[in-house]
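Please work through the following exercises with the structure at hand. Each task is followed by a solution in steps.

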Amino acid sequence: MQREEKQLEVTLQAILNRVNDLKTAIQALIAKLENEYETINWPTFLDNYAILSGHLTGLSKILQAEMAPSLRALVVLPLQLGCERDEALSRLTEGRVPACTHDLVPDLLRTKPEPQAEQRLQQFNHKASTLSYDTAQKQVAQFTKVVNHVWEIISKGREDWEGESMRSQGMQPTHSIGDTHALVTAVGTGKGLRPGMAALGGVGVGVGGALGPRGAPGPPPPPGPQAPAMPKAPSAIKTNIKAANQIHPYQR
């Protein structure tokens, strides 16, 4: 009997230490979110979350250890209830529980959710089990549409924010996300190109006619009304045209 009590005391102390470590890690994470919300980045948040996960894993190992006594066979009962302040209880709980009252004990010793929450959970489970496949797919499609719409709003707001940030720093934006996407689509698929322009993708339209796969010349275009010729602008660059029979300096 003394051995079991000693083992129970050691197990409870190990659980208490692990819970205190978990509480400290949660407090540190909350402090970072409240005080460093402007500078904290995602890797730092993941590192703090990994610490929480490690404490929870250690706590689970203690509870699942073979040497640990079965806590399910133990019963916790309040020895005294009252509305008067208990200094020892307040000090033990760091001021969170000043007194062991009749209203507080059911919440502290509860091993199941509240009846209202448990009833709502059962309603949700019943509704999910009776939902048809087509209805579920429609709801998923509708939810995806809402998420995409929100994502477009966020992306547009980010572009506006970046433009305002650059203007506030005296810098003019040198690019446009929309124009970049349109250019990439035109180069890859030929979308938005007019006759007389060629796409770099599979098939495009060239100046002299249609282009076949990989830019090979295709059949000439059908005869039709000719567009008025545009006057050729004079070139401002002078070039020296040499004779074709002139010996090239690098010719062997």
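This is a predicted model: local features need pLDDT of at least 70, side-chain atom pairs count only at pLDDT 80 or more; totals for chains, interfaces and linings use all residues.

**Exercise 1.** Determine which elements the protein contains and in what order they run.

*Solution.* Begin with the count: the protein has 7 helices and 2 strands. Next, follow the chain from the N terminus, which gives the order α-α-α-α-α-α-α-β-β. Then turn to burial: of the 252 residues, 10% are buried. The accessible surface amounts to about 22,600 Å², and carbon and sulfur atoms contribute 59% of that area. Finally, among contacts with a separation of 6 or more, 31% join residues 24 or more positions apart.

**Exercise 2.** Compare the span of helix H2 with the expected value, and identify what its buried residues pack against.

*Solution.* Helix H2 covers residues 42-64, which is 23 residues. At 1.5 Å a residue, 33 Å is expected; the distance from the first C-alpha to the last is 33 Å, close to that expectation. The buried residues of H2 are Asn48, Leu52, His55, Gly58, Leu59 and Ile62. The buried residues of H2 pack against helix H1 (2-35).

**Exercise 3.** Locate Thr93, classify it as buried or exposed, and find the backbone oxygen that its side chain reaches.

*Solution.* Thr93 lies in the loop between helix H3 (87-92) and helix H4 (105-108). Its relative accessible area is 15%; buried means under 20%, so Thr93 is buried. The side chain of Thr93 reaches the backbone oxygen of Leu89 at 2.8 Å.

Definitions and conventions
Residues are numbered from 1 along each chain as its sequence is written. Side-chain values use heavy atoms; hydrogens and water are left out. Helices (H or I, at least four residues) and strands (E, at least two) are DSSP runs, numbered from the N terminus. The expected span of a helix is 1.5 Å times one less than its number of residues. Buried means under 20% relative accessible area, exposed over 50%, partly exposed in between (1.4 Å probe, protein chains only). Contact means heavy atoms within 4.5 Å. Accessible areas come from the Shrake-Rupley method with a 1.4 Å probe; for residues, only the protein chains shown count as cover. A polar contact is a pair of N or O atoms within 3.5 Å; within protein, one must be able to donate a hydrogen and the other to accept it, and residues adjacent in sequence count only if both atoms are side-chain atoms.
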